[in-house]
Amino acid sequence: MRHGIKDKIQSCHLMHLTLSNCSLTDHVITSICASMSHNETVTCLNISHNGLGEKAGHALGQLLAVNCVLTDLDISWNNIRNDGAGSVAKHLVGSSIRKLNMAYNAFGRCQSAAMLGKWLPHTK
């Protein structure tokens with residue numbers, strides 16, 4: 001990954017990571033998520049407005065399955081839908097997420113929207 005972001009995420013005590021409107025790709029987000037699975041300090045991740053797709057959704061789902069400190073996630077204004085959105089929704093239950101913004105990802109009438117509905121009662 002360019003600029004050594006992966007190494008920085010793994011080694012620093014960063015609490016809030018905002019990469020909104022940075023033209024990030026699914027590949028970059030996959031690397032960031034892999035790095036964050038070992039990071040115990042980032043509580044807030046904002047990757048909105050990047051045009052991310054299903055692969056990014058899968059990477060985020062995997063991150064949610066193992067990261068127990070991330071409480072605030074903003075993935076709004078992307079193209080995370082279908083199986084990618086399903087992966088995020090599936091891993092929300094049992095995660096540490098308490099604030100979630102998934103607006104404008106064009107879920108439509110899909111199973112992911114129903115899965116999110118099941119997660120909502122578990123939030124505070």
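This is a predicted model: local features need pLDDT of at least 70, side-chain atom pairs count only at pLDDT 80 or more; totals for chains, interfaces and linings use all residues.
Q: How many helices and strands does the chain have, and in which order do they run?
A: There are five helices and four strands. Starting at the N terminus, the order is α-β-α-β-α-β-α-β-α.

Q: Why is S76 called buried?
A: Buried means under 20% relative accessible area, exposed means over 50%, and partly exposed is in between (1.4 Å probe, protein chains only). S76 has a relative accessible area of 4%, so it is buried. This serine is found in the loop between strand 3 (72-74) and helix 4.

Q: What does S76 touch?
A: Leaving out residues up to four places away in sequence, S76 touches S48, H49, N101, M102, A103 and N105. Touching, or contact, means heavy atoms within 4.5 Å.

Q: Why does W77 count as partly exposed?
A: W77 has 44% relative accessibility, so it counts as partly exposed. W77 lies in the loop between strand 3 and helix 4. Its phi is near 55°, a positive value in a residue other than glycine.

Q: What makes N21 count as exposed?
A: The relative accessibility of N21 is 60%, and therefore N21 counts as exposed. You will find N21 in the loop between strand 1 (16-18) and helix 2. N21 is not a glycine, yet it has a positive phi of about 55°.

Q: Is V66 buried or exposed, and how do you know?
A: V66 has a relative accessible area of 52%, so V66 is exposed. V66 is found in helix 3. The C-alpha atoms of V66 and H91 are 9.3 Å apart, although 25 residues separate them along the chain.

Q: Is I47 buried or exposed, and how do you know?
A: With a relative accessible area of 1%, I47 is buried. I47 sits in the loop between strand 2 (44-46) and helix 3. Apart from residues up to four places away in sequence, I47 touches L19, I29, L52, L60, D74, I75 and N78.

Q: What makes a group of residues a nonpolar core, and which members touch the most others here?
A: A nonpolar core is a set of buried Ala, Val, Leu, Ile, Met, Phe, Trp, Tyr and Cys residues joined through side-chain atoms within 4.5 Å. The largest one has 27 residues, and I29, M36, L45, I47, L60, L70 and I75 touch the most other members. Helix 2 (26-36), helix 3 (54-66) and helix 4 (82-92) each supply at least two residues of this core.

Q: Why are helix 3 and helix 4 called roughly parallel?
A: Angles under 35 degrees count as roughly parallel, over 145 as roughly antiparallel, 65 to 115 as roughly perpendicular and the rest as oblique. Each angle runs from 0 to 180 degrees between N-to-C directions, with axes being lines fitted to C-alpha atoms, for helices over the stretch in contact. Helix 3 and helix 4 pack at about 10°, with axes 7 Å apart, and that makes helix 3 roughly parallel to helix 4.

Q: How do you know how helix 2 and helix 3 are placed?
A: They pack at an angle of about 5°, and their axes are 8 Å apart. Helix 2 and helix 3 are therefore roughly parallel to each other. D26, I29, T30, C33 and M36 of helix 2 meet E54, K55, A56, A59, L60 and L63 of helix 3.

Q: Which residues of helix 4 are buried?
A: They are G84, A85, G86, S87, V88, A89 and L92.

Q: What share of the chain is buried?
A: Buried residues make up 44% of the 124 residues in the chain.

Notes:
Residues are numbered from 1 along each chain as its sequence is written. Side-chain values use heavy atoms; hydrogens and water are left out.
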